[in-house]
Structure formats: C-alpha cells, structure tokens
Amino acid sequence: MQATACAKFIDGKLSFVGIVTMAEQSSNSGRMRPVLSVPNKIAVLVSGRGSNLQALLDACASGRLAAEVCLVVSNKAGILALERAERASVPHVVLEAKKGQKRVDYDRELLALLAPYAPDVLALAGFMRILSSEFCREW
C-alpha cells in the first residue's frame, strides 16, 4: 500500500495532518478514493539530539497531533534523543549494529523490535542509517 504524509500550515507552522492512502470506495465498485487517516501510534527512529522527536512529542502532548509516540529506537547509545524519550515516559531502546553485521540483518532485528508496538507510522527523525529495501517494503 502506498501512503503519503499530509501537512498544512497551522498558525504559521508546517504541521503534520495525517496519512493519505487509497481505499476502495465500496465493496462492490472496486473504485479507489483517497482517504486521510490520522495515525494513533508513531514509532520514531533517531540517531542524535532528538529535536525532531521533541517536535513530535510536543505536537502529541498539545493535541495538535492526535497520536502518541509509542516507541523511540536509536542506533546510538547515550544520545540526547533517548533522554527526551525518558523525560516524556516513552519506551526507548538502543539497537546498535554489530561489527560486520549486514544491513538486512540489522533491519530484520529492527522489524522484530517494532512489531510488538504495532505502530501506524514510522518516523525517521534524524535516523542516520540507510534502510534496506526489504525493510522499506514492510513499511
């Protein structure tokens, strides 16, 4: 399924609105129509300070985004983004690549880590790893 993030200017700031996907108009017609949905659960992948993560946390807390950050995953230990997740009481975990580990193997571990949280959206908020095509197909 293809999905596109939707945003608009609200109070002079670009704000996330939702995800547009294509859905059948009715069970009989077979015609497709765009549908805007707002995610309930967002998993966030980070690698650094977490300023984008903080923007998501603030938007959720203020109600500007009708969602919750359900998990923060970092590929680096000891970064500010993990402290931000801790302060917001959001589950967070570090998944560092092992020396010589293939990208696809790391991505399989990442998929397994995300699965129990069942996020609707995966936000790459300054995540500094290239994700495999296998991972991208899953998302």
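Student: Okay, which residues have the most contacts inside the largest nonpolar core?
Tutor: Those are Ile42, Val44, Val46, Leu53, Leu65, Val69 and Val72, in a core of 20 residues. Keep in mind that this is a predicted model.

Student: Which parts of the chain supply at least two residues each to this core?
Tutor: β4, α1, β5 (68-74), α2 (80-87) and β7 (121-124) each do that. The biggest giver is α1, with five residues.

Student: What does valine 72 touch?
Tutor: Leaving out residues up to four places away in sequence, valine 72 touches Val44, Val46, Leu53, Ala85, Val90, Pro91, His92 and Val93.

Student: Let me zoom out. How many helices and strands does the protein have?
Tutor: Four helices and seven strands. Along the sequence they follow the pattern β-β-β-β-α-β-α-β-α-β-α.

Student: And how much of the protein is buried?
Tutor: Of its 139 residues, 34% count as buried.

Student: New topic: serine 47. Where does serine 47 sit?
Tutor: Serine 47 is in the loop between β4 (41-46) and α1 (51-62).

Student: Buried or exposed, that serine 47?
Tutor: Buried, because its relative accessibility is 5% and the cut-off for buried is under 20%.

Student: What does the side chain of serine 47 make a polar contact with?
Tutor: With the side chain of asparagine 75, at 2.5 Å. The serine 47 side chain also reaches the backbone nitrogen of methionine 128, at 2.8 Å. Beyond its neighbours within four places in sequence, serine 47 is in contact with several residues, among them Ser74, Lys76, Ile79 and Phe127.

Student: Why does cysteine 60 count as buried?
Tutor: Because its relative accessible area is 16%, which falls under the 20% cut-off.

Student: What about cysteine 136, which class is that in?
Tutor: Cysteine 136 is partly exposed, because its relative accessibility is 46% and that class runs between the 20% and 50% cut-offs.

How values were computed
Residues numbered from 1 in each chain as written. Predicted model: local features only at pLDDT ≥ 70, side-chain atom pairs only at ≥ 80, totals over all residues. Heavy atoms only, no water. Buried < 20%, exposed > 50% of the residue type's maximum accessible area, 1.4 Å probe, protein only. Polar contact = N/O pair within 3.5 Å; in protein donor to acceptor, adjacent residues only side chain to side chain. Contact = heavy atoms within 4.5 Å. Core = buried A, V, L, I, M, F, W, Y, C linked by side-chain atoms within 4.5 Å.
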